[in-house]
Amino acid sequence: MRALLATAVPLLLLLSGCGGDADAPKADRMPTSPTPGQPSAGDPDGVAPRDTPRPGEPGTTGPSPGQPPKPELPAADVDAMRAAVRHLAVRVGPRHATSPAFREAASWFGAEMRRLGYTVTEETFRVPAGDSWGVPVTAGRSLNVIADPPGFDPSQPHLVVGAHLDTVAVSPGAEDNASGVAVVRELARLAADHGTRLPVRFVAFGAEEPRGPGDDLHHFGSQHRVGRMAPAERAAVRGMISLDRVGVRAPYVPVCDGGTGDGRVVRALVDAAGGIPTNTCEDRASDHWSYEKADVPAARLGSIPYAGYHAEGDRPEVVDDLQLRRVATVAWRWIR
Ligand SMILES: [Zn+2]
């Protein structure tokens, strides 16, 4: 399998462009991180904790042979992420931004976050009628679901971790974007259980998917969110990441931004990835772009091309456990 994936890398790099969404610009930055398809030795999954000495290695103080290495960080729960993907893609199904199914998905996400101890608020906004990837959709209201840790103050330094909850009209959206929402939910659990370096605001965005061409007719939820942030709040966001299409198997994790800022979040994520291979690229096709346009440092994780994109075939089978775990691990190391 490793050999097969390694051979597929040049093809994937050619095809990916990091953002098969509408208006996706071409990738024009070359990979800067470890060679794709080559997880570090002793780290077959690419998700072993960094700096963990191998058992019995001379000159280290690692555990003695026979004992498993002690994890540096608590790990993401793949079963929980997979269950969230199934819930959204199979039980809820297609959920375009102004549909009853989207509201159901938003209620589910809010309830999950409340259960984890977060303070949940919803903000609604208008979305115009338009064309949802070939299907006419009427105007209506969509919403963002915002989950804050107890005592959260948006004027103080914090991080924002988000994923869009909507799909295009026909797609069950397992990869696009139940995968991202599942990772957000899991990161929220890890953050609640183990703490983070800065307070983290988690957001499920409504209406990311396009309703027409151009840079105004998509990303409605994140554009609304950014528009409501006072200058002090924008300055307080130390970094925002959008998890969008993060579960299709690839030998690396895409780490991208729109290319207009100083790239600090991309660099920090690549750094946080440790032994997990990453590829950087330019990508303006997800909610991080709304933040970047407002001069808030931001980046996107995810965007591997796949056959079921924006179609009925976007089912849980396209989402890979290992890829979910890698992405969750990169993000977790970044917020931790
Ligand atoms: Zn998406």
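Predicted model: local features only at pLDDT ≥ 70, side-chain atom pairs only at ≥ 80, totals over all residues.
Local features were considered at pLDDT of at least 70 and side-chain atom pairs only at pLDDT 80 or more, whereas totals for chains, interfaces and linings use all residues. Residues are numbered from 1 along each chain as its sequence is written, and side-chain values use heavy atoms, with hydrogens and water left out.

The zinc ion is coordinated by NE2 of His164 and by OD atoms of Asp176 and Asp244, at 2.0 to 2.3 Å. Donors are N, O and S atoms within 2.8 Å of the metal (3.2 Å for Na, K and Ca); water is not among the atoms, so sites may look incomplete. Along the chain, the donors of the zinc ion follow the spacing H-x11-D-x67-D. Asp176 lies in helix 4 (residues 174–194) and Asp244 in the loop between strand 7 (237–243) and strand 8 (253–257), so the pair ties together parts that are 68 residues apart in sequence. Helices (H or I, at least four residues) and strands (E, at least two) are DSSP runs, numbered from the N terminus. Asp176 counts as buried at 1% relative accessibility, and Asp244 is buried at 0%. Buried denotes under 20% relative accessible area, exposed over 50%, and partly exposed in between (1.4 Å probe, protein chains only).

A nonpolar core is a set of buried Ala, Val, Leu, Ile, Met, Phe, Trp, Tyr and Cys residues joined through side-chain atoms within 4.5 Å. The largest such core holds 61 residues, of which Val161, Phe202, Leu243 and Leu301 touch the most other members. Helix 4 supplies the largest share of this core, 10 residues. Apart from it lies another core of 12 residues, including Phe205, Val226, Ala294 and Val296. Beyond its neighbours within four places in sequence, Leu301 is in contact (heavy atoms within 4.5 Å) with residues including Leu243, the zinc ligand Asp244, Val253 and Val327.

Strand 8 pairs with strand 9 in the parallel sense over 5 bridges; pairing requires at least two bridges found by DSSP. Val253 has Thr278 of strand 9 as its bridge partner. In strand 9 (residues 278–282), 5 of the 5 residues are buried, so the strand is largely enclosed by the rest of the structure. Thr278, Thr280 and Glu282 point one way from strand 9, and Asn279 and Cys281 the other way.

Helix 9 is mostly covered, with 13 of its 15 residues buried. At its start, a side-chain oxygen of Asp320 reaches to within 3.1 Å of the backbone nitrogen of Leu322.

Terms used:
Polar contact = N/O pair within 3.5 Å; in protein donor to acceptor, adjacent residues only side chain to side chain.
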